[in-house]
Amino acid sequence: MTSFGRPRRHLRVTDSTNERARELAIAGAPGGTIVTADEQTAGRGRRGRTWSAPAGKALLCSAVLAPLGREHALLPLAVPLAVCEAVESLAPIECRVKWPNDVWARELEAAPSEADVRGRKLAGVLIEAQPPAWAVIGIGLNVAIEPGEFPGDLRQPAVSLGHGVGVQDALGAVCERLGSWVDAARKQVLAEFTRRDGLAGREISWVGGGGAAGEGSGVARGIDERGNLTVITADGETVSLGAGEVQLNGGG
């Protein structure tokens, strides 16, 4: 099992922990190396988005996995599963995954609101790789961000871990679960992702990754053996999405 957390490079402020971890990976840093920061000035999300958070209130972590083997083919699915388990070990929160790499959460003790049903984003994952040498696993997890501190366009769908959990507690839990999940068997990853699939049976739209025009809509029908998202369109066509931006119809 891969062990994450040492060596660790911690920065008060950096542009992107993924960028720093990439530099270390290229220089030959061992698997398990992590880079953390209190604050990022240019944190990266998927499709060129930025990931921002108030200083000291989110887990900003990038981990090096090296080398990469065939057993890591489903790494993009395994990492959000690790985050889900870590979160649930720290607070009474239930997590689901919005394919491919967003972690949604809701409070177990609260009656589900419409926002909870649609999913409140708690964490995001960004993986950059140069097979077979290395992968950098970037994780942004909202830990103690107050509702009014989220950017205006994220305030409604975003949520924070809360419950008095600190960033160091979150880091320890995430590193522990990463070690279990990055090397997990394909069958185990697929089964657990299916159990936590936040899109299955929901009407979605996508841009990129499938269909003749690279966009479309339909009903999500889970993932296939390769980890692709399967969608049934209105005319009965089955589309397999290996990449792309997916949204619940009506937002989310």
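This is a predicted model: local features need pLDDT of at least 70, side-chain atom pairs count only at pLDDT 80 or more; totals for chains, interfaces and linings use all residues.
**Close-up views of two loop residues**

View 1. Leaving aside its neighbours within four places in sequence, Thr33 is in contact with Arg6, Pro7, Leu24, Ser62, Ala63 and Val64. The residue belongs to the loop that runs between helix H1 (17-26) and strand E2 (34-40). Thr33 counts as buried because its relative accessibility is 4%, and buried means under 20%. The side chain of Thr33 also reaches a backbone atom, namely the oxygen of Pro30, at 2.7 Å.

**View 2. Asn228 in the loop between two strands.** Asn228 is found in the loop that lies between strand E9 (215-223) and strand E10 (229-232). With a relative accessible area of 13%, Asn228 is buried. The side chain of Asn228 is joined to the side chain of Ser240 by a polar contact of 3.3 Å, and Ser240 is also among the residues that Asn228 touches when those up to four places away in sequence are not counted, together with Trp99, Gly222, Ile223, Leu241 and Gly242.

**View 3. The protein chain around these two sites.** The protein chain contains five helices and 12 strands, and of its 252 residues 49% count as buried.

How values were computed
Residues are numbered from 1 along each chain as its sequence is written. Side-chain values use heavy atoms; hydrogens and water are left out. Helices (H or I, at least four residues) and strands (E, at least two) are DSSP runs, numbered from the N terminus. Buried means under 20% relative accessible area, exposed over 50%, partly exposed in between (1.4 Å probe, protein chains only). A polar contact is a pair of N or O atoms within 3.5 Å; within protein, one must be able to donate a hydrogen and the other to accept it, and residues adjacent in sequence count only if both atoms are side-chain atoms. Contact means heavy atoms within 4.5 Å.
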